[in-house]
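Visitor: I'd like to walk through this structure with you. Could we take it a piece at a time?

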Amino acid sequence: MANKNAELQRLTGIYKNILKNANVKLIEGRGKIVDPHTIDVDGKIYSARHILIAVGGRPFILDIPGKEYAIDSDIALDLPSKPEKIAIVGGGYIAVEFAGIFNGLKSDVHVFIRQQKVLRGFDEEVRDFVTEQMSLRGIEFHSEETPQAILKSVDGTLSLKTNKGTFDGFSHVMFATGRRPNTKNLGLEEVGVKLSKNGAIVVDEYSQTSVDSIWAIGDVTDRVNLTPVALMEGGAFAKTVFNSEPTKPDYRAVPSAVFSQPPMGQVGLTEEQATEEYGDIDVFTANFRPLKATLSGLPDRVFMKIIVCANTNRVLGVHMCGDDAPEIVQGVAIAVKAGLTKADFDATVGIHPTAPKMSSEK
């Protein structure tokens with residue numbers, strides 16, 4: 001906790017210095033939009049030609065009896081001690097990552113998902129592989145479980161009631177049931193900024209809202225909710241508004257990672273998406289124990305998958321689950337974004353004994 005807080009403080013200081021060196025005036029306080037060109041910050045009024053909203057999202061807590069006993073991902077990072085036994089409700093990347101963190105701390109971890117599998121939207125084979133690998137590490141998955149209530153016993157332990165039964169003896173119940181755009185009490189509705197059903201700010205291809213002078217980027221728009229994508233959107237906004245260079249954010253081949261145990265990395269289309277879009281595809285997979293695991297007797301395995309358009313031989317998607325997957329996929333993302341073919345991949349000499357080299361030898 002001390003290391004985490006010190007690092008957050010260090011990073012905050014760096015960002016403040018970047019703003020200061022760029023002659024940006026930082027005003028800290030609670031802001032509310034009063035009209036298309038005016039913001040009220042704790043009673044003080046500021047006006048501007050353009051207003052950019054980049055307030056991100058916040059954890060969403062299910063509205064069920066006993067929800068006050070639950071923690072979210074923010075509180076989970078400030079726990080004074082490790083949970084002895086924790087129920088994590090949710091099947092997205094936050095649920096999966098925290099399951100790995102607490103499992104690493106030797107907590108008894110149970111993950112409850114409403115779907116059949118974790119990580120909806122990821123490639124089906126990768127979803128199965130990461131569940132299998134996490135289960136081998138002692139994490140217990142409960143699928144098709146819909147939470148109905150959290151109950152507190154006289155001894156302080158918590159029970160989670162679902163559509164299938166009641167599970168007892170938890171020291172903590174954590175909700176990782178998604179995030180919602182942080183748009184409450186910003187004055188958006190009053191000035192005519194259009195919001196979607198879940199509270200996201202509706203924007204056009206250039207990140208402009210329904211009010212010409214108000215713009216929005218990042219998770220608050222609920223487009224592609226990733227930090228580097230928000231940075232890209234911010235850059236495109238700056239070029240469009242201040243450089244007379246209309247620029248749309250480019251969402252093609254955006255790589256992403258899940259820092260699970262083992263971690264996952266992906267770029268491009270899943271097999272399901274590629275089949276729907278291109279019809280005729282070739283799929284190449286490798287599922288193997290890396291040399292490090294075979295020599296040391298570890299049970300770790302690596303899974304890799306390449307999706308290729310059968311007509312053009314262009315690589316449409318690359319998916320990996322295993323040690324260093326995010327680092328490897330970050331490099332591969334350049335090739336996928338550039339539209340390289342499977343032949344280009346095959347012609348590249350591998351580094352021995354890295355995982356990509358070992359998988360091609362298999």
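Visitor: In which loop is N23 found?

Guide: A quick note to begin with: this is a predicted model, where local features need pLDDT of at least 70, side-chain atom pairs count only at pLDDT 80 or more, and totals for chains, interfaces and linings use all residues. Residues are numbered from 1 along each chain as its sequence is written, and side-chain values use heavy atoms, with hydrogens and water left out. Helices (H or I, at least four residues) and strands (E, at least two) are DSSP runs, numbered from the N terminus. N23 has a phi near 60 degrees, a positive value in a residue other than glycine, and its place is the loop between α1 and β1 (31-35).

Visitor: How many Å does α1 reach from its first C-alpha to its last?

Guide: Helix α1 covers residues 2-21, 20 residues in total.

Visitor: Which residue does the cis peptide bond join to Q261?

Guide: Omega is about 5 degrees at this bond.

Visitor: How much area do domain 1 and domain 2 bury between them?

Guide: The domain assignment, an automatic or database one, gives domain 1 (59-179) and domain 2 (255-347). Buried area is the accessible area (1.4 Å probe) that two parts lose on being put together, summed over both. Carbon and sulfur atoms carry 65% of it, and the total is about 1700 Å².

Visitor: Which residues of domain 1 lose the most area to domain 2?

Guide: Together they make up 33% of what that side buries. They are F122, D123 and F129.

Visitor: How many salt bridges does the rule find across the interface of domain 1 and domain 2?

Guide: The rule wants a side-chain nitrogen of Lys or Arg within 4 Å of a carboxyl oxygen of Asp or Glu. R137 and D300 form a salt bridge, with their closest N and O atoms 4.0 Å apart. Across the interface of domain 1 and domain 2, the count is three.

Visitor: Which helix gives the most to the side of domain 1 that touches domain 2?

Guide: Both α3 (93-104) and α4 (124-136) supply at least two residues of that side. The one that gives the most, with seven residues, is α4.

Key:
The expected span of a helix is 1.5 Å times one less than its number of residues.
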